[in-house]
Amino acid sequence: MRRRTLLKHGATATVVGLAGCVGGDEGDQDTTTEATPTETPMQETTEETTETTTEKSLSGTLKVATYSSFIDAPSTAPGGWLKKAFEKRHPDVTVKYQTPDNEVNYFIQRAAQGVDIDTDVYVGLNVDHLIRIDEKLGDKQLFASTGSELSNYGQVKDGLKFDPQNRAVPYDTGYISLVYDESGVDAAPETFQDLLKDQYSGDLIVQNAKTSITGRAFMLWTVNTLGEEQYLDYWKKLKNNGIKILGSWSDAYTAYENGEAPMVVSYSTDQVYANRQDKDLTKHQVGFLNDQGYANPEGMAKFADTDNPELAEEFMDFVLTKRAQTKIAQLNVQFPATDWAPLSDEFRKYAKEPENPVTFTYEELQGNLDGWVDSWARQIAGGR
Amino acid sequence: MTRDGETAGRRERPDLDPSVWLERHALGVLGVATAAVLLVVFYYPVLTVFADAVRVGGAWTLDVVVEVLTDPFYFGALAPIFAGEFGEVGAVAAESPLGLFGFTAYQALLSTIASVLLGLPGAYVLSRYEFPGRRTIRSLTILPFVMPSIMVAIGFVAFFGTNGPLNAALTALGVGQVNLLFTLEAIVVAHAFYNAPLVARVTTAAWESVDARMVETARSLGANPWYAFRDVLAPQLLPAVLTGALLTFVFTFMSFPIVLALGGFQLATVEVWVYSLVQELEYAEAATLAVAETAVSLALTYAYLRYEARESGGRTANPPPRKRLFPDSPSLLAAVERVGVVAYALVVAVVFVGPIASMVVESLTGPSGLTLQYYQFLVQRQVEGASFQTKPGVAVRNSLVFGAATLLVALPMGVTVSVLTTRGGRGSRLADAAAMAPLAVSGVVVGLGMLRGLVFGVELFGARLRVTGPVAIVAAHGVAAYPFVVRNVAPLLGGVDRSVVESARALGATRVRALLDVELPLVASGVAAGAAFAFAISVGEFDSTVILATGSSSYTMPVAVERYIGNRTLGPASAMGTVLLVVTSVSFVIVDRLGGRWEA
């Protein structure tokens, strides 16, 4: 048994008291965030010092599993900052990262085989993972329900919460969109039907919905918008219009950057990268089909078997703080999942948000996801 | 196992000196050790996954197997035959004649033909010509073999792309553009990039140990050069060419990342399906497909081994003298041949040098031109990186250590298996085919088996037994590499004149002594090629390394390349890829030189 403390929620509760009343709807987000950007650094330092003094009692090693680019991506990755900031706040705590190659599957497989899991928190869950977990593990619990225990949970935007059982707590989100080269297309396509026109023949690179997250999101977007009955027919036409379906986001983006096609499916934060790397922004225009973007929130969850539940919750709560939300968004180049993190000037200028974010809920995907993906894959593949 | 060893023991006085005992029983001991390593890091893990095909939810069932076999999507026109519904064959054949398996075999066949066509001239030039840098080039032929598929994809897209240097050159010449990417042709060329060097290397080894006196005899008996080649030389080379072709087919049959990166999902192979089914944790279906893949590969291997056994016969290595690039006595034939060599060099430049150079250029090109920033990133990561981040120096060191250790494991394993299976009847052909199994099993399945069997461990007597970290990685690399040693050594060993070995034994040499002092020097070129492959396999291995290295800092260079991908820049990954290229090139030359000293 690890040492535990009863004082855990003391300090963070006051933070919520001060800042926990910002509006929750995605639509009026702009109005709530614009006010703060200049004063935030000062507020942050005071917030931090008060908390370090009151929360010394937590100690031990917190094992956090995540996908490798969360800690290891070459340009920026949030992992290093997160560890440092959390350890500063809790001097007796050490954060240890684990990045198993099979990501969540690693833990699902362990649980399925009855092998113990000594990891405390997983960072980087999406709704597909939850469906797989519930389908494959049945009654065995991999993650524990945590959401309502967290003092900052109220700040998470309702539209992004994707786990009816509150195990996965969203910490950021991306929107799947088109990225295109202005000089390569006469006018950007505005609807899904536009993509079938001759003028876009051979112009779009997407990813495989079976092996890539962005590819799957784009495919689900077509199901969402065109309907379960129509999407296969639509893909047949897309295929006839010369769409290129590559294995991974990286394959697709490489081909796009080499000028193999003027449009690629990617994230709507594309210009943030382009700007940071001094790239030509006309080659990194973001387009939303039907004024939509498919939201792909990422969540974190506490392992059911953790022997550090309080520390795990403290960590998750920390990820939801205003400061961490601001920082993670910047370093992971995704949008914050909470309503209280101010968007940086850089994001307000270069990160685009769709007018109508769409996504499937857990309930809508449950029992359908595998079938949709499989029918899609069988229609596309087979060398025909 | 070594009957010979025992009779030799009886001939002399019984000796309790352990080193003498070891020398006498060395082959037996090595045989047992090889079997044990195979069992732990290959057969056990893989069979636990294969078992999933017939064990669903804790019950034995054939349902999934039957479902897969009778699914026209997978087996095309064969599906109704498997189902016993022969009336359906016509209808299915019209809809999807090949199925996923048929298409996969088709692209593998095309890739094999392309690899052989591209590899053979290389073998000819390397084994028949003498020119400055020949040995270095021969050492570097297997370089493509170690390149992570992600690097090959980057190089190919950059070089063959619409805006790439190839199309620029063609446009400048007024030939017009070629649109190669995202077609079946792109996959075939990329497969040839990987496998033509394999064909070339294996064939070069054979060509360097042909018996030229037989050709001279034929010529002196009046055969023209063509007949002498066809009837005397070709039969000596064919086993090696077929070895290369077989390995190429097996590899390309189970190819996967390169297919998705350069062809697209429309051209998906069976292995793509195995991968995504494993991702979805649909083990029964994945295992069934993987078993079917392995069955095809092993059947071909077995058929080939039967052939190889028939072909082997006694002869000694006695290669003809090498030609010079600039002939001593100019003739029309010599001129035509040299033009051919130049044309071939041009093709090599396009297919091999082009993509590799493009990748290096990528690592030196930033958004605003020439830059060293990505190499600075590597240095910075090495110096300042946090302990949980991937450091280039650690990756280089691990790759070299594992590569060297793999040599020490794979060479004895490979030679032992070669010796034990070279002389024997049909039973030993089966054993030989089984020994080739590591090549014939899907990499995805091996990875999954290692995760479940080795990383998670087995409950034994209340304790959980795990096999991970550097030792497991070297063992896994050894298992993946030793079949290459076998395929390079066994055919040559089969060709060694038995009387030489028997004389040595009659003079009192133990079986191992005879092997080390007599047989291996005769097949040195095969051993050297096998060693180079073993090292290359270790350096290039990704699937099991990344799984066995989980949670430790045992990652290797290809793993580092993979981890440096991301955030919209290929710079760091291609810089790491270039480091991998340089480090392995230097190592190859050294391995080859060391082998060469022994060879000479």
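The structure is a predicted model, in which local features need pLDDT of at least 70 and side-chain atom pairs count only at pLDDT 80 or more, whereas totals for chains, interfaces and linings use all residues. Residues are numbered from 1 along each chain as its sequence is written, while chains are lettered from A and ligands numbered from 1 in the order in which they are written.

Between the two domains of chain B, 13 residues of domain 1 of chain B are in contact with 14 residues of domain 2 of chain B, a contact being a pair of residues whose C-beta atoms, placed from the backbone, lie within 7 Å. On the side of domain 1 of chain B that touches domain 2 of chain B, the elements that give two or more residues are helix 7 and helix 17 (283-311) of chain B; helices (H or I, at least four residues) and strands (E, at least two) are DSSP runs, numbered from the N terminus. This side has eight nonpolar, four polar and one charged residues, where Ala, Val, Leu, Ile, Met, Phe, Trp, Tyr, Cys and Pro count as nonpolar, Asp, Glu, Lys and Arg as charged, and the others, Gly among them, as polar.

Within chain B, helix 12 (residues 184-207) and helix 18 (residues 332-363) pack at an angle of about 85°, with their axes 10 Å apart; axes are lines fitted to C-alpha atoms, for helices over the stretch in contact, and angles run from 0 to 180 degrees between N-to-C directions. Helix 12 of chain B is therefore roughly perpendicular to helix 18 of chain B, a description that applies to angles of 65 to 115 degrees, whereas those under 35 count as roughly parallel, those over 145 as roughly antiparallel and the rest as oblique. Helix 12 of chain B contributes V189(B), A192(B) and F193(B) to this contact, and helix 18 of chain B contributes V351(B), F352(B) and P355(B).

Chain A contains 16 helices and twelve strands, and is divided into domain 1 (40-174 + 295-359) and domain 2 (176-294 + 363-377). The C-alpha centres of these two domains of chain A lie 27 Å apart, and their contact takes 21 residues from domain 1 of chain A and 24 residues from domain 2 of chain A.

Between the chains, 51 residues of chain B are in contact with 48 residues of chain A. Helix 10 of chain B gives the most to the side of chain B that touches chain A, with four residues, and the residues of that side divide into 30 nonpolar, 17 polar and four charged.

As for confidence, the model scores ipTM 0.88 and pTM 0.88. The mean pLDDT of chain B is 88, with 94% of its residues reaching 70 or more; pLDDT is the predictor's confidence in each residue, from 0 to 100. Over residues 1-12 of chain B, however, pLDDT stays under 50. Where pLDDT is low, the predicted coordinates should not be read in detail.

Methods:
Domain bounds come from an automatic or database domain assignment.
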